[in-house]
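Dear colleague,

Please find below the structure that I am handing over to you.

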Amino acid sequence: MGRRKNKLFDMNEVVKLFNKLLDEQPLLLLVIPLLVVLWAVEKWFFSLSNWVLLALAVWATIQYGSYQRRNIVEDLNKKWMQMTLQTSPTTPLEHCEWLNKLLLEIWLNFINPKLSLRFASIVERRLKNRKSRLIEKIELQEFSLGSRPPLFGLHGVRWATSGGQRIMRLGFDWDTDDVNIMLSAKLAMPLMGTARIVVNSIHVKGDLLLMPILEGRAIVYSFVSTPEVRIGVAFGSGGSQSLPATELPGVSSWLVKIATDTLNKRMVEPRRQCLALPPQDFHKQAVGGVLYVTVLSANKLSRCNSKGTCSTKQTNSSIDTHTENRAESKELQTFLEIEIEELTRRTDVRAGSCPTWDTTFNLILHDNAGIVKFNLYERTPGNVKYDYLTSCEIKMRYVSDDSTVFWAVGSDSSVIAKHAESCGKEIEMTVPFEGFNLGELTVRLVLKEWQFADGSHSSTSLSSSSRRSLSGHGPTNHFSKTGRKICITVVEGKDLLVKDKIGKSDPYVKLQYGKSIQRTKHVPHSSNPAFNQKFEFDEIGGGEYLKIKCYTEETFGDESIGSARVNLEGLLEGSVRDVCIPLEKVNSGELRLQIEAVKVDDSESSKGSSHANGWIELVLIEARDLIAADLRGTSDPFVRVQYGHLKRTTKVMYKTLHPKWFQTLEFPDDGSTLTLHVKDHNTLLPTSNIGTCVVEYHMLPPNQMADKWIPLQGVKRGDIHVQITRKIPELEKKTSVGSDSSPTKVHRQISDQVYI
């Protein structure tokens with residue numbers, strides 16, 4: 001009974017109603033004195049109880065009813081606004097100062113370090129491929145985006161709907177003078193020397209588009225048009241043999257051009273980048289992958305040039321011309337060229353506007369993302385030249401939950417996206433070609449496996465050893481030259497390119513790992529040669545690639561028939577990696593390799609030498625007070641190192657008597673004499689000797705570095721500064737992690753190696 005009373009009479013509702021009435025009608029408090037007066041009249045003069053209470057009840061009922069109606073109207077307005085936002089093609093302009101304030105709080109310690117690492121790798125790749133004519137070599141030394149984040153949506157944010165796709169449009173404005181990007185450049189002729197280029201300010205302004213895809217599991221983003229880019233550059237000296245801190249002509253505009261071209265290539269409409277939002281993160285670093293692409297068919301192809309005019313649609317032509325064009329359209333013969341980085345493959349020629357190929361290609365990714373481009377060509381009978389018609393592309397990216405996202409540009413600039421939850425899952429996509437009504441292409445993609453930096457593969461379960469390495473226990477998989485050897489067996493080649501007119505080829509393979517180059521024997525008259533040759537290389541840390549070049553022997557010079565790169569990171573001992581590597585820059589051909597990592601002490605224990613497991617590490621740091629070998633009072637010194645029958649040389653430091661090399665050289669410890677010959681480099685004349693010395697190392701304790709200044713012999717003055725260490729791996733394993741004799745400590749400081 002009490003519950004029923006509570007439902008009929010809620011005291012909280014009465015209090016809310018009373019407060020609401022006081023806010024809307026402040027004079028309501030005068031009702032109480034009025035009631036007191038009426039009560040006095042009722043008691044001493046005449047009776048009012050018959051109608052006053054009735055009037056009060058009617059008034060209270062009317063007020064409560066109006067209060068309920070207002071609540072209902074507010075609820076309906078909220079629901080209507082939500083429905084309008086969901087169904088309206090364009091939402092009202094909204095300000096987002098809160099986003100910029102939040103970004104300011106988390107930029108310095110969270111977003112800035114991640115973006116700096118990501119952008120630094122992009123900048124290094126772009127600088128390597130796009131050098132200025134004035135610069136012979138350029139290296140990235142420091143990269144920081146500073147403490148000022150970009151500003152988003154200064155003029156508001158608006159959501160729109162196009163073809164069922166929700167799109168957010170907002171402004172992007174990044175104007176900061178707090179960045180620190182330092183480049184070290186070796187200048188070409190006629191300037192010569194070195195210089196430092198410091199980027200200290202960046203201005204990027206444009207409009208961004210954000211589009212959620214795959215039911216919110218990813219976001220694609222791009223600029224509406226090419227953004228406005230300005231870069232502030234300062235110039236400084238690069239140490240010895242450097243130019244003074246003066247501006248280098250054209251460098252600032254060159255950097256702006258690189259930045260603009262990179263943005264145009266990666267994230268200006270219709271090219272878009274993808275940000276995956278996985279539900280879980282396995283914290284793996286993908287370094288490569290194997291992709292199978294099956295080109296199924298094309299549909300509604302037409303013969304159009306890049307200007308958008310079609311030869312089959314001529315409005316001002318005679319009936320005979322129309323008939324001839326229709327005949328030409330029936331005879332349309334096309335083929336596709338599949339391109340990913342420098343790897344290209346092509347299909348056979350098919351006739352008609354709806355050709356079917358159903359051809360599968362094995363492609364290799366060298367990163368955690370890639371772009372597969374499909375170029376459509378027409379072959380005209382009787383013409384040796386192929387006519388380019390159009391193209392389309394599909395992008396893919398590894399997601400940290402071991403899945404893969406594929407996306408492409410659809411019709412009317414929409415987004416076509418697919419999600420493969422695991423490796424081996426087939427994804428079929430129909431992508432329109434670029435241009436107006438130029439047809440569409442249907443392909444099937446299968447990401448067979450992702451390869452990770454720890455040596456594991458996403459397509460197979462991890463072994464117990466790899467699990468220990470992932471968790472940080474047990475031996476590490478990342479060895480430098482100081483621990484393991486890489487054994488590579490070139491097994492065979494398949495469908496190699498034939499250069500001879502008689503259809504024969506004499507192929508052989510060159511392998512380059514670091515500075516070491518080895519080659520197989522040539523196999524005469526075969527496009528499917530069997531080599532079965534094994535080679536050994538000292539493992540190099542830092543993600544060094546194995547470079548493969550395939551040649552065919554010719555009378556007047558060997559010709560290249562393809563090349564490739566193989567990522568050797570994360571090799572596990574005792575596990576042989578059997579891979580088929582497609583050759584790049586050619587239309588066909590692949591090589592089968594077997595790759596294995598073995599310990600140096602295991603491979604050389606049978607030699608019986610007391611020095612078989614050790615080596616000598618020599619660090620050539622600098623020299624001082626050298627004699628002047630040139631007429632201008634300076635020298636161009638370099639060091640030639642002789643260890644037994646082995647010879648090595650350093651780089652040349654021009655026009656100085658106090659050179660700094662900072663180079664590391666390594667030799668197998670066989671007890672030979674270590675001699676340093678300091679030479680003066682001459683372009684035309686023979687080199688002249690400016691000092692010699694012998695470095696004693698036989699009495700050094702194992703794995704302990706000795707720092708020495710050694711006077712040069714045979715000259716009046718001059719000293720050379722070296723660091724020498726006798727390395728023994730078995731003793732290194734017993735030392736603590738924080739030992740000063742750790743090889744990685746020295747390799748972080750000095751990494752350059754030069755061989756002859």
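**Findings**

Cys392 is buried, at a relative accessible area of 3%, where buried means under 20% relative accessible area, exposed over 50%, and partly exposed in between (1.4 Å probe, protein chains only). Cys550 is likewise buried, and its relative accessible area is 0%. A search of the whole structure returns 0 disulfides, a disulfide being a pair of cysteine sulfur atoms within 2.5 Å.

Please note that this is a predicted model, in which local features need pLDDT of at least 70, side-chain atom pairs count only at pLDDT 80 or more, and totals for chains, interfaces and linings use all residues. Residues are numbered from 1 along each chain as its sequence is written, and side-chain values use heavy atoms, with hydrogens and water left out.

As to the chain overall, 11 helices and 35 strands are present; helices (H or I, at least four residues) and strands (E, at least two) are DSSP runs, numbered from the N terminus. Of its 756 residues, 42% count as buried. The chain exposes about 42,000 Å², of which carbon and sulfur atoms supply 54%; these areas come from the Shrake-Rupley method with a 1.4 Å probe. Among contacts (heavy atoms within 4.5 Å) with a separation of 6 or more, 63% are between residues 24 or more positions apart.

Helix α6 covers residues 251–267, and its 17 residues should span 24 Å at 1.5 Å a residue, the expected span being 1.5 Å times one less than the number of residues. The C-alpha atoms at its ends are 24 Å apart, which agrees. Buried residues in α6 include Val251, Trp254, Leu255 and Ile258.

Strand β27 (residues 590–599) runs antiparallel to strand β20 (residues 484–494), and 10 bridges join them; two strands pair if DSSP finds at least two bridges between them. Within this pairing, Val490 stands opposite Leu593 of β27. Strand β26 (residues 577–582) is also antiparallel to β27, with 6 bridges, and Asp578 has Gln594 in β27 as its bridge partner.

Finally, a word on confidence. The mean pLDDT (the predictor's confidence in each residue, from 0 to 100) of the chain is 78, and 78% of its residues reach 70 or more. Over residues 602–612 the pLDDT is below 50, and this stretch has 7 contacts in the model beyond near neighbours in sequence. Where pLDDT is low, the predicted coordinates should not be read in detail.

Yours sincerely
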